[in-house]
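Here is a short tour for a reader new to this protein model. Start by looking over the chain, then follow the sections below.

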Amino acid sequence: LHPQIDLATEPRWSRISGTFGEDAALTARLAAAYITGFQGESLGPHSVACMTKHFPGGGPQNEGLDPHFEFQTGQVYPGDNFDYHLIPFEAAFAAHTAAIMPYYGIPMAQTDEDVAMSFNKSIITGLLRKRYQYDGVVCTDWGLITDVQMPDTVWPARAWGVEHLSEVERVEKILDAGVDQLGGESCPEHVVALVKSGRLSETRIDQSVRRLLRLKFQLGLFDNPFVDEEEVADVLGHPASIAAGVVSQKRAMTLLKNEEDVLPLHGLPKVYVKNVDPAVAAQYAEMVATPEEADFAILRIETPWVPVETKNPFARGFHHGDLDFKGEAKAEILALLQTVPTIVVIYLDRPAVIPEIHQSAKALFGEYGATDDAVLDAVSYTHLRA
């Protein structure tokens with residue numbers, strides 16, 4: 001279910017961390033390299049088939065709210081930039097991505113009806129199948145047909161724009177739009193009912209079955225459907241793979257500020273840490289209990305977010321909302337920065353608006369998912385001295 005090549009043009013969107021950024025040309029180059037790396041020049045028994053998502057671009061969400069949920073269902077295109085979001089997908093088609101996943105959102109005012117991508121015949125048949133001549137597998141995002149019963153609420157099916165349709169009618173509209181596969185749920189009884197009623201032809205079903213079987217044959221799944229379970233431990237968690245991941249974490253940081261060249265830290269300075277494991281930090285510096293005792297502080301923080309008021313626990317975990325620290329949270333950070341020279345390391349799963357923190361910090365790193373070890377190596381440049 002990757003690569004995710006949506007463009008991060010709405011900085012408040014909660015899924016930016018899965019993208020390659022907001023630049024269409026850069027994303028196109030990275031998408032092509034990703035797909036070629038997994039699939040090879042052509043699909044075969046040693047390929048990993050890529051399902052590139054989310055066509056035709058899931059980044060431009062209204063107010064940054066995600067259409068996983070009923071409180072925001074539409075994608076908007078200020079500046080008339082719908083085509084800009086297609087550029088990475090054109091590169092994915094050229095790299096022969098095995099499958100495509102449309103997103104949940106409605107492309108507002110872009111087609112002849114305001115319905116979500118997988119229900120939208122203008123998007124799937126008109127744009128994807130006809131304009132781009134794409135004949136690979138198209139799979140919906142998860143949960144477009146049936147509601148999810150939760151302990152305290154119901155998570156409605158993401159049938160945006162067609163909420164009034166029955167489950168059977170939703171399946172019919174998705175297949176009529178040109179989709180092959182339903183993501184995340186199994187309701188073959190609806191397909192059977194549509195065929196028996198004459199509303200869906202077996203010829204149409206054969207189109208999608210042919211695409212799915214062709215991919216399985218290309219991957220050699222019918223020639224050798226078994227795996228050697230004894231080899232799993234040699235592939236997953238292999239030391240070389242773990243080591244490569246550690247190196248990538250250390251390299252994937254951005255030094256945003258280094259006032260008076262305070263970094264790298266030298267020797268064994270007295271350091272106060274917050275949101276850092278003291279046992280790990282003790283390998284790099286002398287730990288002290290208070291900021292007042294320290295030569296430096298190291299503070300790890302995350303881009304702020306505001307939980308949406310909802311009973312859906314999955315929705316509450318999405319990082320929606322404003323990008324700046326407010327009230328007590330900001331005051332607490334600034335109090336530390338004004339007490340001791342502080343190295344701030346912020347996790348940028350989304351952009352952050354932090355002018356006061358930037359101004360008061362002695363040094364500032366942006367990171368995109370890193371262990372304490374990786375962060376402290378970067379702060380001390382241990383990996384450069386090794």
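The side chains of Asp180 and Arg211 form a salt bridge, with N and O 2.7 Å apart. It ties together distant parts of the chain: Asp180 sits in the loop between H4 and strand S8 (181-183), and Arg211 sits in helix H6, 31 residues apart. Asp180 and Arg211 are both buried. The model is predicted.

In total, the model has 18 salt bridges. One of them pairs Arg199 with Glu172, whose closest N and O atoms are 2.8 Å apart. This pair also links distant parts of the chain. Arg199 is in the loop between helix H5 (188-196) and helix H6 (202-218), while Glu172 belongs to helix H4 (residues 167-177). The two are 27 residues apart. Are these two residues buried, exposed or partly exposed? Arg199 has a relative accessible area of 43%, so this residue counts as partly exposed. Glu172 is partly exposed too, at 24%.

Another salt bridge joins Asp372 to Arg300, and the closest N and O atoms are 2.7 Å apart. Here the link runs between helix H13 (residues 372-380), which holds Asp372, and strand S12 (residues 296-302), which holds Arg300. The partners are 72 residues apart. Both Asp372 and Arg300 are buried. Elsewhere, shared partners join salt bridges into one network made of Arg129, Asp135, Asp180, Arg211 and Arg214.

## Two helices side by side

How do H1 and H2 pack? Helix H2 (residues 87-94) meets H1 at an angle of about 25 degrees, and the axes are 8 Å apart. Angles under 35 degrees count as roughly parallel, so H1 is roughly parallel to H2. Their crossing is right-handed.

On the H1 side, the contact is made by Ala24, Thr27, Ala28, Ala31, Ala32 and Ile35. On the H2 side, Ile87, Pro88, Ala91 and Ala92 take part. Of the residues in this contact, nine are nonpolar, one is polar and none is charged.

## Phe38 in H1

Phe38 lies in helix H1 (residues 24-39). Its relative accessibility is 39%, so Phe38 counts as partly exposed. Leaving aside residues up to four places away in sequence, Phe38 touches Ser47, Val48 and Cys50. Thr97 is 59 residues from Phe38 in sequence. In space, the C-alpha atoms of Phe38 and Thr97 are 9.8 Å apart.

Most residues other than glycine have a negative phi, and most peptide bonds are trans. Some spots in this model depart from that pattern. Which peptide bonds are cis? One runs from Phe55 to Pro56, with omega near -5 degrees. Pro56 is placed in the loop between strand S1 (51-55) and strand S2 (74-75). Another cis bond runs from Leu263 to Pro264, with omega near 5 degrees. Pro264 is in the loop between strand S9 (253-258) and strand S10 (270-274).

The loop between S9 and S10 also holds Glu260 and Asp261. Glu260 is not a glycine, yet its phi is positive, at about 55 degrees. Asp261, also not a glycine, has a positive phi of about 50 degrees. Are Glu260 and Asp261 buried or exposed? Glu260 is exposed, with a relative accessible area of 65%. Asp261 is exposed as well, at 63% relative accessibility.

Definitions and conventions: Residues are numbered from 1 along each chain as its sequence is written. This is a predicted model: local features need pLDDT of at least 70, side-chain atom pairs count only at pLDDT 80 or more; totals for chains, interfaces and linings use all residues. Side-chain values use heavy atoms; hydrogens and water are left out. A salt bridge is a side-chain nitrogen of Lys or Arg within 4 Å of a carboxyl oxygen of Asp or Glu. Helices (H or I, at least four residues) and strands (E, at least two) are DSSP runs, numbered from the N terminus. Buried means under 20% relative accessible area, exposed over 50%, partly exposed in between (1.4 Å probe, protein chains only). Contact means heavy atoms within 4.5 Å. Axes are lines fitted to C-alpha atoms, for helices over the stretch in contact, and angles run from 0 to 180 degrees between N-to-C directions. Angles under 35 degrees count as roughly parallel, over 145 as roughly antiparallel, 65 to 115 as roughly perpendicular and the rest as oblique. A crossing is left-handed if the near helix is turned anticlockwise from the far one by less than a right angle, and right-handed if clockwise. Ala, Val, Leu, Ile, Met, Phe, Trp, Tyr, Cys and Pro count as nonpolar, Asp, Glu, Lys and Arg as charged, and the others, Gly among them, as polar.
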